[in-house]
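Have a look at the structure first, then read on.

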Amino acid sequence: MSFDIVNAGEADLPGILAIYNDAVQHTTAIWNETLVDLANRRAWLVERTAAGFPVLVAHDAAGEVVGYASYGTWRTIEGFRQTVEHSVYVRADQRGQGLGPALMQALIERARAANLHVMVAAIESENTASIRLHQRLGFITTGQMPQVGRKFGRWLDLTFMQLILGAKE
Ligand SMILES: CC(C)(COP(=O)(O)OP(=O)(O)OC[C@H]1O[C@@H](n2cnc3c(N)ncnc32)[C@H](O)[C@@H]1OP(=O)(O)O)[C@@H](O)C(=O)NCCC(=O)NCCS
C-alpha cells in the first residue's frame, strides 16, 4: 500500500475520531471507556499544535486517514520538558503493513529535530504488537506496573518503554 505521512489538519479530524473511538470501544490500547466527539478531537489537535507538538497522519492513495501518531508533555514539572509521551494508532483494517513503524519513524525524526531527549511509551502489557514495534525501533523496557488500570472487567498492567534520542542539553 502506498501512503503519505503529513501534518494533520481539520479535514483529518473525522478519520482520527473514527480510529480513536474504535480503539476506545474495542481495545486496551487506550484505557478510556467513553466515546468522544469531533469537538474533542479538534480541541486536542489545536492544543497539540499550539504547544508546538506534531500530530502526524498517514493518508492512503485516496487521501483517507489510515493512521496517526503524536506526542505531548509527559510530566508538567519543568525538569521533564525534554521528555515526551507518544501514541500511535493504525486503522484496524490497515494493521500489519508497516504503517505503525513508518509513523513512528517520522515522529522520532520530529522529536530529534525539536531537540527532545527521551520518548516514553506507556503500553498495556499484553499489547505484543506495540511492544515488538517499539523494540524494533530501539525502545527499551524501563518499567512494569501490575494492575494499575481496569477496563473490560479486568485489571490491566502497564509497560513503560523509552528511547533516548540523544539531545545533550
Ligand atoms: C500497534 C500498531 C500501531 C502497530 O502498527 P502496524 O502498522 O500494525 O505495525 P506492523 O505493520 O509493524 O505490524 C505489527 C504486528 O502486527 C501483525 N499483524 C499482521 N496483520 C495484522 C492485523 N490484521 N491486525 C493486527 N496485527 C497484524 C504484524 O505481523 C506485526 O507482527 P510482528 O510484531 O510479530 O511482526 C497497531 O497494531 C495499532 O494501531 N494497534 C491498536 C492501537 C495500539 O495498540 N497502539 C499502540 C498503543 S501503545
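By class, how many nonpolar, polar and charged residues does the shell around the ligand have? There are seven nonpolar, six polar and three charged ones. Keep in mind that this is a predicted model, so to speak a computed picture of the site.

- You'll find the ligand in the largest pocket.

**Who's around it**
- The ligand has 16 residues around it, and the ones that come nearest are V90, G98, G100, N127 and R132.

- V90 puts a polar backbone atom 2.7 Å from an oxygen atom of the ligand.
- G100 also works through its backbone, with an N or O atom 2.8 Å from a ligand oxygen.
- R95 uses its side chain instead: a polar atom there lies 3.4 Å from an oxygen atom of the ligand.
- On its own the ligand has 900 Å² of accessible area, and the protein covers 71% of that.

**The annotated region**
- UniProt, in an unreviewed entry, places the feature "domain: N-acetyltransferase" at residues 3-161.
- Over residues 3-161, the chain is 32% helix and 35% strand.
- The end C-alpha atoms of that stretch are 27 Å apart.

Conventions:
Residues are numbered from 1 along each chain as its sequence is written. This is a predicted model: local features need pLDDT of at least 70, side-chain atom pairs count only at pLDDT 80 or more; totals for chains, interfaces and linings use all residues. Side-chain values use heavy atoms; hydrogens and water are left out. A residue is near a molecule or strand if one of its heavy atoms lies within 4 Å of it. A polar contact is a pair of N or O atoms within 3.5 Å; within protein, one must be able to donate a hydrogen and the other to accept it, and residues adjacent in sequence count only if both atoms are side-chain atoms. Accessible areas come from the Shrake-Rupley method with a 1.4 Å probe; for residues, only the protein chains shown count as cover. On a 1 Å grid over the protein atoms alone, a cavity is a set of points where a 1.4 Å probe fits but cannot get out, and a pocket is an open set with protein on both sides within 12 Å along at least five of seven lines; lining residues have an atom within 4 Å of a point. A molecule sits in a cavity or pocket if more than half of its atoms lie within 2 Å of its grid points. Ala, Val, Leu, Ile, Met, Phe, Trp, Tyr, Cys and Pro count as nonpolar, Asp, Glu, Lys and Arg as charged, and the others, Gly among them, as polar. UniProt positions are given in the numbering used here, feature names are shortened, and annotations may be inferred rather than shown by experiment. Helices (H or I, at least four residues) and strands (E, at least two) are DSSP runs, numbered from the N terminus.
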